[in-house]
Every structure is written in structure tokens, then in C-alpha cells.
Amino acid sequence: MRRLAALRLLGLSAKGTQRVNAAETVVAALLGAVFGLGEYWLLNQVMSRAGLPGLRW
């Protein structure tokens with residue numbers, strides 16, 4: 001909130017501040033999804049090769 005308030009103090013309009021906030025939220029969500037899917041894929045590959053005793057993958 002302080003960072004967004006600082007943008008307002010620098011002269012960015014309220015609508016512009018909302019756009020910055022929305023853009024940052026979308027970027028964070030996309031990065032989280034990409035990293036999560038990558039981690040899932042990597043762990044799935046490791047588990048399919050190594051396996052667990054008594055578990056068929």
C-alpha cells in the first residue's frame with residue numbers, strides 16, 4: 001500500500017495506480033503458475049523414474 005501511495009505522490013492518477021496494481025498482480029499470478037507447473041513436471045519426472053516402494057506410477 002505504501003508503494004502505491006508513493007506512486008500517487010509522484011503524480012500517477014488513481015486509475016493509473018489501479019492499472020499498475022492489476023498488472024503486477026497478473027504478472028505475479030502468471031509467474032507463480034509457470035513455476036508451479038514447472039516444479040510439478042520436474043517432480044513428476046523424478047518420481048516416475050525413482051518411484052516409491054509398492055507404488056506404480
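Start with the whole protein: its accessible surface (Shrake-Rupley method, 1.4 Å probe; for residues, only the protein chains shown count as cover) comes to about 5200 Å², and 68% of this belongs to carbon and sulfur atoms. This is a predicted model, where local features need pLDDT of at least 70 and side-chain atom pairs count only at pLDDT 80 or more, while totals for chains, interfaces and linings use all residues. Residues are numbered from 1 along each chain as its sequence is written, and side-chain values use heavy atoms, with hydrogens and water left out.

Now select residues 2-9, helix H1, together with H2. They pack at about 145°, axes 9 Å apart. The axes are lines fitted to C-alpha atoms over the stretch in contact, with angles from 0 to 180 degrees between N-to-C directions. Show side chains at the contact (heavy atoms within 4.5 Å). H1 brings Arg-3, Leu-4, Leu-7 and Arg-8; H2 brings Ala-14, Thr-17, Val-20, Asn-21 and Glu-24.

Next, centre on Thr-17. Thr-17 sits in helix H2, residues 14-50. Is Thr-17 buried or exposed? Thr-17 counts as buried because its relative accessibility is 8%. Which residues does Thr-17 contact, leaving aside neighbours within four places in sequence? Select Leu-4, Arg-8 and Leu-12.

Last, pick Ser-13. Its backbone oxygen lies 2.9 Å from a polar side-chain atom of Thr-17.

Methods: Helix = DSSP H or I, 4+ residues; strand = E, 2+ residues; numbered from the N terminus. Buried < 20%, exposed > 50% of the residue type's maximum accessible area, 1.4 Å probe, protein only. Polar contact = N/O pair within 3.5 Å; in protein donor to acceptor, adjacent residues only side chain to side chain.
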